[in-house]
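Trainee: Before we look at the model, could you tie each label to its cut-off, so that I can follow how every conclusion is reached?

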Amino acid sequence: MSEIRNIVILTGAGVSAESGIDTFRDGGGLWEQHRVEDVATPEAFVRDPDLVHRFYDMRRAAIQEKEPNPAHFALARLDAEWPGELLIVTQNVDDLHERAGAHRVLHMHGEHLKAWCTSCDVRSVWREPLLARPPCPVCQARSLRPDVVWFGEMPYQMERIYAALRQADLFVSIGTSGAVYPAAGFVRDARELGARTLELNLERSQGSSWFHETRLGPASEVVPQWVDELLQ
Ligand code: BJW
């Protein structure tokens, strides 16, 4: 492993599953009979803002009760001890990587614990419900929405992600189905740019054939094993 210096890690809902946070596409992937694709869009928010606020208020409250699991802690240890470049690109909107102690984390699909004011364009730390339309703490407009990236919107910090992928010697994907782009395309991008590619997942993802290596198992087991190997 001595030739590996720069690492990009992509995480998805599977890394938080054992913390008790539901994934999107396992077990039916429905919330009150709605598919995620029907609530996580700007069109859904225009059509039925109360429905969308209830969906996010419930999930924002729920994540504050959850705790990081051994996969989050192993990645935080890797972040602390890895001497080269490392970037954890998470699709997750929970804060469990940070609560486990990781610092080099980028939330490409936003964060549950932030609200975005569409009047003044400021993002504020937010832990409370939005259904009652509380005022923006900066401009007082009642225009707050969850600071998450919906289908059809541009994920955050794409330039920084692609810059890291260009430098990566190793790309590791953990607990993501490979169903949602552009994240689902990172393995192909990384591989074409010369990185070794590794998948850690409960089952093979949709883009599994792009990985040089796949290790199957629960994240709480396969991630700590892989981190131990890398740091030994
Ligand atoms: C375990 C485990 C355990 C379980 N241990 N593992 C047609 C073709 C191609 C693309 C498109 C298309 N039509 C439209 C698009 C684009 C669209 C898209 O991809 N749609 C698909 C449905 C096809 N994408 C977009 O619109 C994105 N924007 C965009 O493309 O902008 C233009 C652009 C162009 C070029 C460059 C850049 C930009 C935006 C996507 C936004 C996604 N938002 C959501 C909601 C976020 C807020 C919220 O949380 O509500 O993000 S959707 C949802 O899916 C969420 C997730 O981050 C994302 C990915 O899900 P994830 O994490 O993979 O979860 P699951 O449930 O799918 O999988 C769980 C995995 O865990 C499984 O593999 C299990 O095996 C595993 N697992 N337990 C280990 N214990």
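Mentor: Let us start with the polar contact, a pair of N or O atoms within 3.5 Å; within protein, one atom must be able to donate a hydrogen and the other to accept it, and residues adjacent in sequence count only if both atoms are side-chain atoms. The model is predicted, so local features need pLDDT of at least 70 and side-chain atom pairs count only at pLDDT 80 or more, whereas totals for chains, interfaces and linings use all residues. Residues are numbered from 1 along each chain as its sequence is written, and side-chain values use heavy atoms, with hydrogens and water left out.

Trainee: What makes the pair formed by the Thr197 side chain and the His212 backbone nitrogen a polar contact?

Mentor: A polar atom of the Thr197 side chain lies 2.9 Å from the backbone nitrogen of His212, and this value is within the 3.5 Å limit, so the pair meets the distance criterion.

Trainee: Why is Thr197 called buried?

Mentor: Buried means under 20% relative accessible area, exposed means over 50%, and partly exposed is in between (1.4 Å probe, protein chains only); Thr197 has 0% relative accessibility and therefore counts as buried. Thr197 sits in strand β10, where strands (E, at least two residues) and helices (H or I, at least four) are DSSP runs numbered from the N terminus. Leaving aside neighbours within four places in sequence, Thr197 is in contact (heavy atoms within 4.5 Å) with residues including Phe171, Val187, Trp210 and Glu213.

Trainee: How do you know that Arg59 has no salt bridge?

Mentor: A salt bridge requires a side-chain nitrogen of Lys or Arg within 4 Å of a carboxyl oxygen of Asp or Glu. For Arg59, which is buried, the nearest side chain of opposite charge is Asp94, at 7.9 Å; Lys and Arg count as positive and Asp and Glu as negative, while His and the chain ends are not counted. The distance of 7.9 Å is not within 4 Å, so Arg59 has no salt bridge. Arg59 belongs to helix α4 (residues 49–63) and, residues up to four places away in sequence not counted, touches Phe24, Val93 and His112.

Trainee: What makes a set of residues a nonpolar core, and which members of the largest one touch the most others?

Mentor: Such a core consists of buried Ala, Val, Leu, Ile, Met, Phe, Trp, Tyr and Cys residues joined through side-chain atoms within 4.5 Å. In the largest, which has 26 residues, Ile9, Leu75, Val223 and Trp226 touch the most other members. Elements giving two or more residues include β1 (7–11), α5 (70–81) and α9 (219–231), and α9 contributes the most, with six. Val223 touches Ala71, Ala74, Leu75, Ile174 and Leu200, with residues up to four places away in sequence not counted. A second, separate core of 18 residues includes Val8, Leu87, Ala164 and Ala168.

Trainee: What makes the backbone of Arg133 worth a remark?

Mentor: Arg133 has a positive phi of about 55° although it is not a glycine, and its place is in the loop between β7 (123–125) and β8 (144–148). With 26% relative accessibility, Arg133 counts as partly exposed.
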